[in-house]
Amino acid sequence: MSVAIRFEEVTKRFVLQDDRPRSFKEAFVDAFRSKRGVEKRTLTALDSVSFELEHGESLGLVGPNGTGKSTSLKLVAGILEPTSGRVLVDGRVAALLELGAGFHPDLTGRENVYLNGSLLGLSRREMRSRLDRIVDFSELGRFIDMPVKHYSSGMYMRLGFATSIHVDAEILLIDEVLAVGDQAFQNKCRERISRLRNEGVTILLVSHSPQAVRELCRRALWLENGRILGEGTADDVLEDYYASVVARESLRYAAEGSEPEVARTEAAAPGGRSSRFGTGEVEIESVETLDDNGESLSVLLTGEPVTIRIHYRARSRVSRPVFGLAIHRDDGVHVAGPNTFDARLDIEAVEGAGALDYRIARMPLIEGAYELSASCYDETVSHPYDHHHRRFPLHVRAGTVRERYGLMAFDAVWTHRPGLSTSGEPSLQETPSGV
């Protein structure tokens, strides 16, 4: 296979201007003003980056914001020129960078389709043969003859996407544009890109969605601070990159949550109810999340073990208390509400300081933001000694689990039974769910 895209020691720097002239007069004066002694500041977006992509391959660029991913796509598209090094491109390029970029607001959707085709070197006849398919895919119908300045942002992007994928490109550049329109249209976009990949179109994708990278790319490149930190299969690179993200988030959350204990306040909680209430015979002093080594966790990983520890202090001897937890998704959906009463853990009495552990062998929650409640009630579970309502944030990340729909990843196994019938034993093929 021949090479479609090659970066050879590519460096791209941008000059940062701190004192742009605000008027023609200032620009005129600055032209004669001595600039000696004024040092220009530069931003290095890419620093000696080398990689290549063969025809028919798909490559995902991952990494934090501002690390050169979009700059790489613009270099391939010819929008930017490298400061040093070479970018070699072999094939017609269609760029899904800023959908609708290049559309003229006073022209109709139909006229802009022809205009975009001409910019890519296609004749009017060639675009005419594609027009019906573009209109059908964009689902704009009668709006195609309306000036695009009257389009909504969703209509604008639909037309841009539909136009870009119908120009017989050999190389497709995609920069975070898979959230076009409603869910049904997004699914259609993903299916079309997958079909183009299967037809041999070379794809270079920038995305913060690990699902999109896994779905559309076989290889991935991890860029950070303008340099390549990882390259290989999409799964391997995403796992390494994700581990670094979780480590950074853990440090940040640990720094933000550095108070030794939760202050007793009466701040309003969701629904207008006090976030903490109770008579105080038993007080919950803090709640921790720990790994199996007893180390504090700021970020929980789906599928990994975690222990939630409730630290309490009883002012005097309290008989048969009931401790409980509740987990809500940050939009208010109640996910779980375990407690010692339902678990048949009979605590005869508490006095002074102590702790309750709730160990989860495999964290089932899908990646997202959650809130934890902790409480202590009397044995009838009707009188609150202390109840913290949705006061403790839980940050859950996917880890190595790939499931992404719903609330939970079950600890389950898929089993394939080809040729299953009432006679004879089929062969079995098992795959753990979510991994």
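1. A salt bridge, as the term is used here, is a side-chain nitrogen of Lys or Arg within 4 Å of a carboxyl oxygen of Asp or Glu. With that meaning in mind, a search of the whole structure, which is a predicted model, finds 21 salt bridges.

2. As for the overall picture, the chain contains 8 helices and 20 strands, and buried residues make up 42% of its 435 residues. Among the contacts in the chain with a separation of 6 or more, 70% are accounted for by residues 24 or more positions apart. The accessible surface of the chain comes to about 23800 Å², and 49% of this surface belongs to carbon and sulfur atoms.

3. Glu 57 and Arg 219 form a salt bridge in which the closest N and O atoms are 3.2 Å apart. Because Glu 57 lies in the loop between β2 and β3 whereas Arg 219 lies in strand β8, the pair ties together parts that are 162 residues apart in sequence. Glu 57 has 22% relative accessibility and therefore counts as partly exposed, and a network of salt bridges links Glu 57, Arg 219 and Glu 231.

4. A further salt bridge joins Glu 215 to Arg 190, with the closest N and O atoms 3.3 Å apart. Since Glu 215 is in helix α7 (residues 210–216) and Arg 190 in helix α6 (residues 183–198), this pair ties together parts that are 25 residues apart in sequence. Buried means under 20% relative accessible area, so Arg 190, at 19%, counts as buried, whereas Glu 215, at 30%, counts as partly exposed.

5. The side chains of Glu 371 and Arg 390 also meet in a salt bridge, at 2.6 Å from N to O. Glu 371 is in strand β17 (residues 368–377) and Arg 390 in strand β18 (residues 384–397), and the pair, 19 residues apart, links distant parts of the chain. Arg 390 counts as buried because its relative accessibility is 14%.

Technical notes:
Residues numbered from 1 in each chain as written. Predicted model: local features only at pLDDT ≥ 70, side-chain atom pairs only at ≥ 80, totals over all residues. Heavy atoms only, no water. Helix = DSSP H or I, 4+ residues; strand = E, 2+ residues; numbered from the N terminus. Buried < 20%, exposed > 50% of the residue type's maximum accessible area, 1.4 Å probe, protein only. Contact = heavy atoms within 4.5 Å. Areas by Shrake-Rupley, 256 points an atom, 1.4 Å probe, with all protein chains shown as cover.
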